[in-house]
Amino acid sequence: MDPHTEPSAVEVIRDPRDFQARLIRARHAGQRVAFVPTMGALHEGHLTLAREGRARVGPEGLVAISIFVNPTQFGPNEDLSKYPRELSRDLVLCASAGVDVVFAPDTAAMYPEGEQTRVTVSSLTAPLCGVFRPGHFEGVTTIVSKLFALSGPCVALFGRKDYQQWRVIERMTRDLLLPVEVVGVPTVREANGLALSSRNRYLSDDERARAAEIPRALGYAVREWESGARDAARIRDEVDTRLRAIATSVDYIEVRDADTLEHYRDESTRAVLAIAVRVGTTRLIDNVVLGEESAPV
Ligand code: AMP
């Protein structure tokens, strides 16, 4: 590669205390810090979070990404061992997106010998993915609180694609009085509307074509809502019919209060349509906040 077009190398930190010290130094030097926690296998969704972080801290600020496949958020029958790990490719992408620091710890560093501490958020983690992935959110909130303990004051960017996760982390951050501003970034999609995910690579061509029905079904719901329909149960049922036609199995298709994640009741609350289905063996999640977001396709 021409040395003039090669993205400048990104700084990689493995040790949690070094990462913590690096960000303390940055803030002492007057830099604002943006932080994007990920599990790696980066795609345009992750890079969009990094660019949003850059926009928020400015050219003089520091943008950090963590890459850590967090074992405690995977259930015993989930894809921990086959989750894609490709650090050198990720580092190239980070450099091209203007990331300054990549924090890539190993498991023993994040879960020290003898560890026995977990962070739990109650009601928000109960429905939706909480039903089908017991312990998942506890793993997420535990690792994110560790990461925030290391990052210190920062703006942290999360994808709204993982809507429930975003709301749970927002709640945890407020409840624990953490010095972090949590920002939810709109879902980044492929041209056909499918939400980008590190797991999309598992889809065969046929499964990918079937999965394209997900954004179409969400788009149907958005348009119904935009045209004034408020019969959430009827809209849900139609989305259910459409998705059962392409899915191998359905975990949930629900309209929920977008703030509390309780069952949607009436127009006094905002509504999120959230789905989790399996296409082949790949579990896909997606959502749209009705009346606020445009149709994915
Ligand atoms: P993951 O590596 O899958 O744990 O995701 C790391 C972060 O990237 C989370 O905040 C996700 O919500 C976010 N993210 C993943 N996919 C997308 C997407 N398609 N659009 C926006 N954010 C995303």
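Hi everyone, let's start at Gln20, which sits in helix α1, residues 16–28. Keep in mind that what we have on screen is a predicted model.

So, is Gln20 buried or exposed? Its relative accessibility comes out at 19%. The cut-off for buried is under 20%, so Gln20 counts as buried. Its side chain makes a polar contact with the side chain of Arg17, at 2.7 Å. Leaving aside residues up to four places away in sequence, Gln20 touches Ala149 and Leu150.

Now over to the ligand. How many residues surround the ligand? There are 17, and the closest are Met39, Gly159, Asp162, Val188 and Leu196.

Three of those names come back when we look at polar atoms. Asp162 places a polar side-chain atom 2.6 Å from a ligand oxygen. With Val188 the backbone is involved: one of its polar backbone atoms is 2.9 Å from a nitrogen atom of the ligand. Leu196 also uses its backbone, with an N or O atom lying 2.8 Å from a ligand nitrogen.

For those of you who like surface areas, the ligand taken alone exposes 490 Å², and the protein buries 93% of that.

Which elements give two or more residues to the shell around the ligand? Those are β2 (33–38), α2 (44–57) and β5 (154–159). Helix α2 provides the largest share, with 3 residues.

And finally, the make-up of that shell: 8 residues are nonpolar, 7 are polar and 2 are charged.

How values were computed. Residues numbered from 1 in each chain as written. Predicted model: local features only at pLDDT ≥ 70, side-chain atom pairs only at ≥ 80, totals over all residues. Heavy atoms only, no water. Near = heavy atom within 4 Å. Polar contact = N/O pair within 3.5 Å; in protein donor to acceptor, adjacent residues only side chain to side chain. Areas by Shrake-Rupley, 256 points an atom, 1.4 Å probe, with all protein chains shown as cover. Helix = DSSP H or I, 4+ residues; strand = E, 2+ residues; numbered from the N terminus. Nonpolar A, V, L, I, M, F, W, Y, C, P; charged D, E, K, R; others polar. Buried < 20%, exposed > 50% of the residue type's maximum accessible area, 1.4 Å probe, protein only. Contact = heavy atoms within 4.5 Å.
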